[in-house]
Amino acid sequence: MMAAGTMGIVAHLTDGVSARTLAWLAALLALLLAAPWIVNDYLVTVLILILYLAYTGQAWNIMMGFAGQLSLGHAIYVGLAGYIAASLFIRFGIDPWLGFLAALPVAAACGAIIGFLAFRFGVTGVYFAILTIAFAEFARIGFGHLGIVNAAAGLFLPVAQYTHNDPWRLRGDPTMFYYVMLAATVIAFILCRLLIKSRIGYFWLAIREDEEAARAAGIDAFRYKMYAIVISAAVTSFAGVFYAFFYNNLFPEQVFGISGSIQMILGPIIGGVGTLFGPILGAFVLTGLAESLNAALAAFGFDLPGAEQVFYGVCLLIVVVALPEGIWPWLAPRLGISERSQ
Amino acid sequence: MTALLSLTGVSKRFRGLVAVDRVSFDVAESAIFAVIGPNGAGKTTLFNTVAGAMAPDEGTIVFAGEPIGGLPADAVCRRGLARTFQLVRPFPALSVEDNVIVGALLHRRHVGAARDHAQSLLRRLGLFDKRCQIASTLTLPDRKRLEVARALATQPRLLLLDEVMAGLRPTETDRMVATLRELNRDTGVTILLIEHVMRAVMALASRVLVLDHGVVIAEGAPQAVVRDPAVVQSYLGAEAV
Amino acid sequence: MPFDVYLNVAVGGILTGLVYGLMALGLSVIFGVVRVVNFAHGEMMSIAMFLAVVCFSTFHLDPLIMLVPIAAVLFAFGYVLQSSLINPFITRPEHSQFLLLVALAIIIVNVLLIVFGPDARSVQTAYALDSFQFGPLIVDATKLYAGIDAIVVAALLFAFFRFTSIGKAIRACADNYTGALVVGLNVNRLYALAFGIGAACVGAAGVMMTLIVDVTPLIGPTYTLLAFVIVITGGLGSMLGALVGGVLIGLTEALAGLLFTPSAKSMFAFGILVLVLLFRPQGLLGKRAA
């Protein structure tokens with residue numbers, strides 16, 4: 001019965017996807033599963049960062065790529081969720097996964113508030129982006145003065161020496177974190193695929209393409225934009241919980257700051273906004289190149305704080321000017337992969 | 001028989017300008033009703049108030065017995081009143097089929113059922129072979145047909161067509177006229193159209209309303225309206241008769 | 001708290017606000033004419049600030065003397081930026097333009113970081129600690145000079161747009177792009193000029209700002225956001241609105257810093273932004289955006 005159900009879901013997911021595409025995906029997944037055995041510990045942490053960015057990129061992509069709403073303050077959901085899960089753990093010893101259950105609704109509610117205020121009052125486009133920045137900055141400064149979470153001095157999670165990997169408590173060596181993030185990224189990918197093929201996905205695309213025409217076709221644009229922001233916020237919230245328990249510290253400046261929000265969007269923009277695989281590809285390309293840059297600079301004996309950011313800026317510039325759709329729409333046809341189901 | 005759509009005393013002002021001035025008329029079910037008049041007469045503004053793109057300042061608009069004046073565009077569409085745009089607005093990055101599926105999903109929960117319905121509409125409008133093409137690559141006549149298909153997919157009782165013949169060559173116009181006539185005959189969908197192309201108006205409409213400076217100056221059967229001296233003077237000119 | 005404390009803080013806030021206003025004026029010109037949302041505005045200002053700091057520390061040239069040269073440098077920078085990089089983006093969707101400038105902003109901030117390091121720098125002029133006394137009112141010399149300069153530059157700008165033929169041509173472009181083309185105005189050159197002027201404003205504001213605050217590479221983004229808050233609050237497309245908005249924000253900030261904690265003062269600016277965006281998106285003095 002369960003098997004039949006799973007087969008049904010798999011069939012629905014792969015409906016219209018060519019065998020070639022599935023082969024590529026399977027190969028990639030196999031590679032990622034085997035990675036910790038192939039590469040050294042340092043590269044595992046790099047891969048964790050890549051997957052983290054792939055995950056948050058996909059979550060952001062739901063709002064921007066699918067529904068067309070530019071959010072530049074997405075760090076607020078990461079920060080809120082992280083602080084809630086961390087505080088519950090520190091104060092009451094509540095396990096991170098339960099903490100996530102508490103953090104998710106809060107992040108979703110935050111998204112709902114921002115969305116309601118913006119969409120109800122007709123704040124769109126660049127003004128909406130500025131509004132999202134304002135909220136994130138508000139949170140950054142606010143949390144920087146919030147005594148219960150130790151304000152700007154930062155919130156630290158107690159790190160006990162672990163003797164074994166404990167995924168339930170998110171305590172363990174980097175390899176464990178790697179698999180958690182990999183699972184999350186895969187789940188997010190499947191979720192995005194399900195969303196884009198569904199009724200809600202079609203309505204989002206219509207709104208993205210032409211909101212007024214979408215309304216003329218009977219779509220309640222306000223409602224579906226709300227769905228987009230709430231779902232995007234909810235999915236992003238897991239990243240906050242992960243962040244808290246992986247880095248074991250939270251500073252309002254780092255976690256709510258605008259550079260965090262911008263880092264979140266670079267992957268999807270470079271990879272391809274609105275595509276399924278774009279955010280993932282973008283995360284790999286961006287971080288891969290950045291790490292190579294760092295390695296090259298280190299090899300030449302340069303220690304330039306800010307070089308990586310300049311690099312990100314240049315990448316963004318090049319993509320926006322020369323390849324506005326992102327790398328994936330350019331690359332996919334050359335690999336014989338089409339994201340459109342026939 | 002009560003009319004499907006009934007306007008009474010509808011007015012719309014833009015600051016000092018009265019675009020639509022106390023317009024009243026009824027559209028019978030399954031009729032094809034044309035609104036004509038010179039540019040700036042207020043035709044599209046009238047349409048916009050009916051379709052929900054803007055709210056009328058005065059008057060009532062009753063559709064299938066329910067008042068719809070002031071309702072937003074998506075609510076109006078859900079009630080069974082679909083529209084096309086004067087400057088076509090397909091969803092550019094989506095395929096032809098996906099464009100119509102969006103419309104079909106209004107009353108169908110499942111994408112599969114919506115796709116089936118969309119495909120039958122595409123067949124009817126002669127776009128089935130191009131269903132995988134991206135909408136932005138279509139020619140103008142095809143884009144117009146696509147808009148009609150998308151509007152039809154929402155299963156309207158009344159179809160509002162805003163200058164759907166504009167920019168079409170005579171053969172294309174005839175083809176569109178034939179399609180609309182067939183649709184009206186086969187499905188009984190009521191059609192309210194704004195048109196400048198008199199060839200199409202005469203071929204399609206059972207009733208014509210003439211608007212000038214926001215005011216109704218004539219209404220009736222097409223043959224009678226085109227001979228009306230006021231209409232000839234303000235819009236058609238003597239040669240058209 | 002005694003009244004004169006409030007008065008002094010308020011006046012200080014107003015004077016600082018005038019400089020903010022000049023900065024926002026630059027953004028208003030750029031947005032009003034070229035219709036580009038300049039997300040690198042604060043970062044351009046930080047370039048001017050560092051130029052002022054370097055001129056002072058290396059050549060001992062007072063920022064007020066360097067005001068015109070540095071503004072000229074920023075003018076050139078803005079002109080070249082607009083004609084080479086931004087102009088092709090005028091027809092692209094809003095998001096693209098915005099992200100282009102976000103990219104520029106990131107590059108500027110971090111290049112400054114690499115060159116100058118993260119530490120704060122300041123300009124300690126001979127009159128840095130002077131103040132003037134007018135009855136109960138005590139005003140910092142630096143703020144007074146900065147405020148007066150801001151008014152002078154703004155007045156010159158208003159005069160330029162009102163009375164010179166180039167100024168009128170630029171306003172024509174802003175009002176009616178196609179019409180301007182039809183009458184034969186070289187719109188591309190006028191756009192570049194407008195961007196240059198906006199950059200010059202922000203350059204001048206930056207130089208004045210060095211008299212008031214410490215300079216780090218990371219303040220760029222803060223000022224960008226502040227400029228947006230001011231322009232949106234004061235009203236897009238209204239130059240007077242930018243000044244009024246600036247003064248308003250400067251005043252609110254100063255008083256908020258006095259009544260609450262100083263570091264939380266920007267929260268009020270954001271609170272105001274949210275309120276304006278929701279309830280009066282055209283701002284105090286603006287026209288409804290087309």
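User: What joins strand E9 (residues 207-212) of chain B to E10(B), and how do the two run?

Analyst: Five bridges join them, and they run antiparallel; because pairing takes at least two DSSP bridges between two strands, E9(B) and E10(B) count as a pair. In E10(B), B:Ala218 is the bridge partner of B:Val210. This is a predicted model, in which local features need pLDDT of at least 70, side-chain atom pairs count only at pLDDT 80 or more, and totals for chains, interfaces and linings use all residues. Residues are numbered from 1 along each chain as its sequence is written, while chains are lettered from A and ligands numbered from 1 in the order in which they are written.

User: What makes E6 (81-83) and E10 (215-220) of chain B edge strands?

Analyst: The open sheet has six strands in the order E6-E7-E8-E3-E9-E10 (chain B), with mixed pairing. E6(B) and E10(B) each have a single partner strand, so one side of each is left without a neighbour in the sheet.

User: How many residues does each chain bring to the contact between A and B?

Analyst: With contact meaning C-beta atoms, placed from the backbone, within 7 Å, chain A gives 18 residues and chain B 24.

Technical notes
Contact = placed C-beta atoms within 7 Å. Helix = DSSP H or I, 4+ residues; strand = E, 2+ residues; numbered from the N terminus.
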